[in-house]
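The sequence and the structure are shown first.

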Amino acid sequence: MTQLDEFEFNNVQIDQHGPIAVLTIARPKALNALNADTLSEIAQAVNLIVEDAEVGALIITGAGDKAFVAGADISEFTNLEGVYDGREMSLAGQDVMHQIASLPIPVIAAVNGFALGGGLELALACDVRVAATTARLGLPEVSLGLIPGFGGTQRLARLVGAGRALDLMLTARQVKADEALTMGLVNYVADDALAKAREVAESMLRHAPIALSLVKEAVRRGLDSTLEGGLEIEADLFGMTVATKDFREGVDAFLNKRRAEFQGE
C-alpha cells in the first residue's frame with residue numbers, strides 16, 4: 001500500500017497480506033489502550049485501507065498476547081471537566097467506531113488477551129470477532145463511575161440482547177472466551193486468534209465483493225428500521241446485486257460446476 005509511505009504511525013501499524021490488511025494497535029506497554037492519538041491514527045489508517053482497491057478484508061488486532069485493547073487510556077480522564085468534555089470524548093470515540101462499522105469490506109477482530117471498555121467497543125464495531133482462548137472481555141466502566149461511551153451500550157445490546165448486555169455492564173465482570181462464545185459475543189474461539197481471523201477472512205473473500213458489501217449494508221440499515229422497512233431495504237439491495245456482472249458470473253459458474261471468478265463489478 002504505497003499510500004502508507006506518506007504517513008508515520010506511532011501507535012498503530014498496518015500489514016498487507018494479499019487482499020487482507022491487518023491493523024494492529026501497537027501500544028504494548030500500555031496494553032494497547034486507546035488514547036486520543038491512537039484513535040486519530042486508527043481513523044487515518046482505516047481511511048488508507050479502504051481507499052486501497054486491493055484490500056478486500058480488514059483484521060484488527062492488538063500487539064502482543066496480553067491485550068487486544070485493554071480499554072481507553074484512563075490517564076486522559078483526569079483532563080475531563082464537566083458534561084461538555086465527557087460528551088466530546090464520547091462522540092470522538094463513537095465517530096471512529098462508526099467509521100469501522102460502516103466500512104464496505106468485512107472487518108474481523110482478532111481478540112488476543114484483554115478486550116475491556118473501549119477495547120471491547122472496538123471489537124463490537126467489527127463484523128466478526130475471533131477470540132483467543134486466553135481472551136477476557138467486558139465493559140467495566142461503572143467501576144469508574146462511568147458508562148460505556150464509544151458505542152458499547154448500543155452495540156452490545158443489539159448483539160447479545162438487553163439482558164446479557166446489562167448483566168455485563170452492571171456487574172462490570174469480565175467473561176472468558178468460552179462464555180463469550182456461548183452468549184454470542186464472539187463468533188469463534190481459537191488458540192491463535194489472528195490465524196483464525198485470516199482463515200475467516202479468506203473464506204469471505206471467495207465470494208463477490210459487491211454482495212459482501214451489500215450484505216453488510218442490509219444488516220446495518222435494517223437494524224435501525226422496522227421489519228417492514230428492513231425488508232424493503234433488502235429488496236432494493238437484492239435488486240442492485242442482480243444488476244452486477246458478478247451475479248451473472250456466479251450463476252454461470254454454479255450451472256457449469258466451476259469456481260466463480262468475481263471481479264467486483
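## The largest pocket

The lining of the largest pocket comprises 16 nonpolar, seven polar and eight charged residues. In this classification Ala, Val, Leu, Ile, Met, Phe, Trp, Tyr, Cys and Pro are nonpolar, Asp, Glu, Lys and Arg are charged, and the others, Gly among them, are polar. The largest pocket holds about 910 Å³ of space. Its lining has 31 residues, and those closest to the centre are Ala-101, Leu-124, Arg-155, Arg-220 and Leu-223. At least two lining residues come from each of α2 (82-101), β7 (128-132), α4 (152-160) and α8 (209-223). The greatest contribution is that of α8, with six residues.

A pocket is an open set of points on a 1 Å grid over the protein atoms alone, where a 1.4 Å probe fits, with protein on both sides within 12 Å along at least five of seven lines; lining residues have an atom within 4 Å of a point. Grid points are joined across faces, edges and corners, and the volume is the space filled by probe spheres set on the points.

## Basis of the model

The model is predicted: local features require pLDDT of at least 70, side-chain atom pairs count only at pLDDT 80 or more, and totals for chains, interfaces and linings use all residues. Residues are numbered from 1 along each chain as its sequence is written, and side-chain values use heavy atoms, with hydrogens and water left out.

## The second largest pocket

The second largest pocket has about 420 Å³ of space. Among its 23 lining residues, Phe-77, Glu-141, Leu-146, Ile-147 and Gly-149 lie nearest the centre. Two or more lining residues are given by each of the elements α2 and α3 (118-124). Here α2 gives the most, with four residues. By class, this lining contains 13 nonpolar, seven polar and three charged residues.

## The six-stranded sheet

Six strands form an open sheet with mixed pairing, in the order β1-β2-β3-β5-β7-β10. Because β1 (12-17) and β10 (188-190) stand at the edges with a single partner strand each, one side of each has no neighbour in the sheet. From one strand to the next, the twist averages 20 degrees; axes are lines fitted to C-alpha atoms, and angles run from 0 to 180 degrees between N-to-C directions. Two strands are paired if DSSP finds at least two bridges between them.

Strand β2 (residues 20-25) pairs with β1 in the antiparallel sense over six bridges. Ile-14 stands opposite Leu-23 in β2, and Asp-15 has Val-22 as its bridge partner. The two strands form a hairpin with two residues between them, and Gly-18 in the turn has a positive phi of about 60 degrees. Strand β2 also runs parallel to β3 (residues 57-62), to which six bridges join it; Ile-25 stands opposite Gly-62 in β3.

## Burial of β2

Six of the six residues of β2 are buried, so this strand is largely enclosed by the rest of the structure. Buried means under 20% relative accessible area (1.4 Å probe, protein chains only). In a regular strand, side chains alternate between the two faces of the sheet. Both faces of β2 are covered, with Ile-20, Val-22 and Thr-24 buried on one side and Ala-21, Leu-23 and Ile-25 buried on the other.

## Overall architecture

The protein chain contains ten helices and ten strands, taken as DSSP runs numbered from the N terminus (helices H or I, at least four residues; strands E, at least two). Of its 265 residues, 44% count as buried.

Terms used. Buried < 20%, exposed > 50% of the residue type's maximum accessible area, 1.4 Å probe, protein only.
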